[in-house]
Amino acid sequence: MAEAEASVAHLSLPGLPVSGVAVQELTPREREVLDLAIAGASNRAIATALRVSITTVKSHVQHILAKLGASNRAQVIARVHGLASDR
């Protein structure tokens, strides 16, 4: 378990600058999932890092998509980086 955590520890992006996105609506756990997803972590890697099931990660991702008005991770990343407008 420690090895898996170490392998994705570098993916966390605390303090990630966000522009034009309602990230404040996300729970702290959803923000952790978002930071890891933006860094390119797979659902499995996120689950391992956060010590939750893949199903739980998928649920968090769906909540993030809904709260940010996106239909996929690429849209979330674009919005977080200010490359797409909120609709």
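The dialogue below asks how some terms are applied to this predicted model.

Author: Local features need pLDDT of at least 70 and side-chain atom pairs count only at pLDDT 80 or more, while totals for chains, interfaces and linings use all residues. Residues are numbered from 1 along each chain as its sequence is written, and side-chain values use heavy atoms, with hydrogens and water left out.

Reader: Why is histidine 60 called buried?

Author: Buried means under 20% relative accessible area, with a 1.4 Å probe and protein chains only; histidine 60 has 16%, so the word buried applies. Histidine 60 lies in helix H4, where a helix is a DSSP run (H or I) of at least four residues, numbered from the N terminus.

Reader: What does histidine 60 touch, not counting residues up to four places away in sequence?

Author: Histidine 60 touches Arg29, Glu30 and Val33, and contact means heavy atoms within 4.5 Å.

Reader: What makes a set of residues a nonpolar core?

Author: A nonpolar core is a set of buried Ala, Val, Leu, Ile, Met, Phe, Trp, Tyr and Cys residues joined through side-chain atoms within 4.5 Å. The largest one here has 20 residues, and Val33, Leu34, Ile46, Ile64 and Val76 have the most contacts inside it. The elements that give two or more residues to this core are H2, helix H3 (43-50), H4 and H5.

Reader: Which residues does isoleucine 46 contact, leaving aside its neighbours within four places in sequence?

Author: Isoleucine 46 is in contact with Val33, Leu36, Ala37, Ala41, Val57 and Arg73.

How values were computed:
Buried means under 20% relative accessible area, exposed over 50%, partly exposed in between (1.4 Å probe, protein chains only).
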